[in-house]
Amino acid sequence: MDIYREEILDHYKNPRNFGELADATYKAREANTSCGDLIELQLKLDDSVISEARFKGVGCALSIAASSMLTEEIKGKKVSEIIKLDEKFMFDLVKIDVSSMRKKCILLPLRALERALSKMNR
Amino acid sequence: MLNVEKIRKDFPILSRKIHGKPLVYVDNAATTQKPRQVISAIGEYYESHNANVHRGVHTLSTEATDMVEEARDKVCKFIGASNREEVIFVRNATEAINLVLYAWGEEHINRGDGVVTTLLEHHSNLVSWQQLAKKKQAVLKVVDIDKEGRLVLKKNDGRISHGIRREEQVLIGPLELLLDKRVKLVAVTAASNVLGTIVAIRKVVKLVRKQAPKAIVLVDGAQSVPHMPVEVQKMGVDFLVFSGHKMLGPTGIGILWGRKELLDKMSPFLFGGEMISEVRLSDTIWNRLPWKFEAGTPNMAGMIGLGAAIDYLSSVGLENIREHEKNLLSYALPRMEELEGEGIIEFYGVRNVDERLGVLTFNVTGVHAHDAAQVLDSEGIAVRSGHHCAMPLTKRLGTVATVRASFYLYNTQEEIGRLVEGIQRVKQVFRI
């Protein structure tokens, strides 16, 4: 089953950056209520750089793995770079071919990131 | 006894391959497959008899009208109703419930009245009444379930004593303690689409008639009518709803059965053609039952398709279908309990074959329901994962999502074996 290759299972069982970020600058939650996936993304900003990114929550292997991989990717990057991240980026990051039904699992952390970014603009 | 092999030949889709493997279709609680006989009946209608009904005197219109009204008679006989005027065609069970909400509930549920539903309900029979109660400032009450997923009817059942409490500002407890003379409606499922629990409707009705004499009883038969014989007159309820697509029929057709005395007094649900008898500029006189509740051009093909589905089910025999599913359960339950004993799955619901439909709901330990369902799909097995339109119930089970396998007359023991193997495969893929 390609969808659950080694790398995905690893990120699901040992998610990177999982846990509470004590001095988070921005937090954002997103959920797939139909699946029961719930992710909270927590970011720390230093100047315009994401110095720290964590996430917590429950969800399917795809949403957890995607969240783990995304937080690794955005750490140390400038906000101006993060804003450009889109759906294609997520699917390329995770490298899984999924049915339309599971796409929202992979996109969940991106949605949380978008929500966090929109809070920054205010 | 069913001849399953013979039956399977009637269902073209069952010969499909999924990811190179023979399809194991065990998502019947979501929707059922259609036999050639139903597909042909619909095709034949469009090929030879299609016309709008109840209008015009031309031949095709007469044929179509006779065919749909014949379908209504078939439904009437199938459910043991005494009067065809009590059989209303709707889109599905959800629409039937909403019809009662708008045509009966709006008028009869008032401030301070009690509206009782249960923790087993599908959202259609929960959200509707919840919202009506909110709008009318009525009191929503919910019948609780026990650890095995049975409805708690009495305050004392055997060794355990149950009380009422508040959960999210809603009263929840045994039916006995929720009923009083201000309760106007009791909405209850005949069988749970999540746990398969079969509800003792006659016991429910007995309690309601005794302790809430003003209340009507509406039964959601979406899961029960396709799988067990039903006799509305014996049930003693006021309304019964069910959907065609869950009983080998096409989508877009369902039934509301209601007692004539109630239906006669109810105002229409939808307005338009068919449901009128006389229209002037200032006012309208409604059509007689059942058409008073069937506005607009009906789903003729759907009605005929449902009639053909009923013919098929009747020829197999609902008692035989129930027997077959009990046999499948007798085979499946010990296997599920074995997996449970090994810590591979968490299994939900009553363990007694007589008290449940052929529905198996579980979670593979350490694996989200959607991931388990994904792996099962790769093995050709079609199950459903999620909350199954019953979020409060899923939450009560202590989880966010479950995997559900549900049988029908065309499933086999061999397929259950493949499901069990599939669960082992989930374990393998996730390296548990």
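## Two chains in a predicted model

Modeller: Starting with chain A of this predicted model, a compact globule of 122 residues would have a radius of gyration near 14 Å, and chain A, with 13 Å, agrees with that.

Biologist: What are the spans of chain A along its principal axes?

Modeller: The C-alpha trace of chain A spans about 45 × 25 × 25 Å along those axes.

Biologist: And how many helices and strands are in chain A?

Modeller: Chain A has 5 helices and 3 strands, and if you read along the sequence they follow the pattern α-β-β-β-α-α-α-α.

Biologist: OK, over to chain B. How many helices and strands does that one have?

Modeller: Chain B has 14 helices and 21 strands. Its radius of gyration is 22 Å, close to the 22 Å that the globule rule gives for 432 residues, so chain B is as compact as a globular protein of that length. Along the principal axes, its C-alpha trace spans about 70 × 55 × 35 Å.

Biologist: Which contacts does chain B have along its sequence, and what share comes from residues 24 or more positions apart?

Modeller: Taking the contacts in chain B with a separation of 6 or more, 70% are between residues 24 or more positions apart; for chain A, the corresponding share is 60%.

Biologist: What about burial in chain B?

Modeller: Buried residues make up 59% of the 432 residues in chain B, and the chain exposes about 18100 Å², of which carbon and sulfur atoms supply 51%.

Biologist: Can you point me to one helix there? How many residues of α12 in chain B are buried?

Modeller: Helix α12 of chain B, which runs over residues 369–378, is mostly covered, with 9 of its 10 residues buried. Among them are A369(B), H370(B), D371(B) and V375(B), and S378(B) also belongs to the buried set.

Biologist: What follows that helix?

Modeller: G380(B) follows α12(B), and this glycine has a positive phi, near 85 degrees.

Biologist: Changing topic to another glycine, where is G196(B)?

Modeller: G196(B) is placed in the loop of chain B between β11, residues 183–189, and α7, residues 201–211.

Biologist: Is G196(B) buried or exposed there, and why?

Modeller: G196(B) counts as buried because its relative accessibility is 0%, and the cut-off for buried is under 20%.

Biologist: Which residues does G196(B) touch?

Modeller: Leaving aside residues up to four places away in sequence, G196(B) touches E355(B), R356(B), L357(B) and V359(B). As for L120(B), it is 76 residues from G196(B) in sequence, and their C-alpha atoms are 9.7 Å apart in space.

How values were computed:
Residues numbered from 1 in each chain as written. Chains lettered and ligands numbered in written order. Predicted model: local features only at pLDDT ≥ 70, side-chain atom pairs only at ≥ 80, totals over all residues. Heavy atoms only, no water. Buried < 20%, exposed > 50% of the residue type's maximum accessible area, 1.4 Å probe, protein only. Helix = DSSP H or I, 4+ residues; strand = E, 2+ residues; numbered from the N terminus. Rg over C-alpha atoms; globule rule 2.2 N^0.38 Å. Contact = heavy atoms within 4.5 Å. Areas by Shrake-Rupley, 256 points an atom, 1.4 Å probe, with all protein chains shown as cover.
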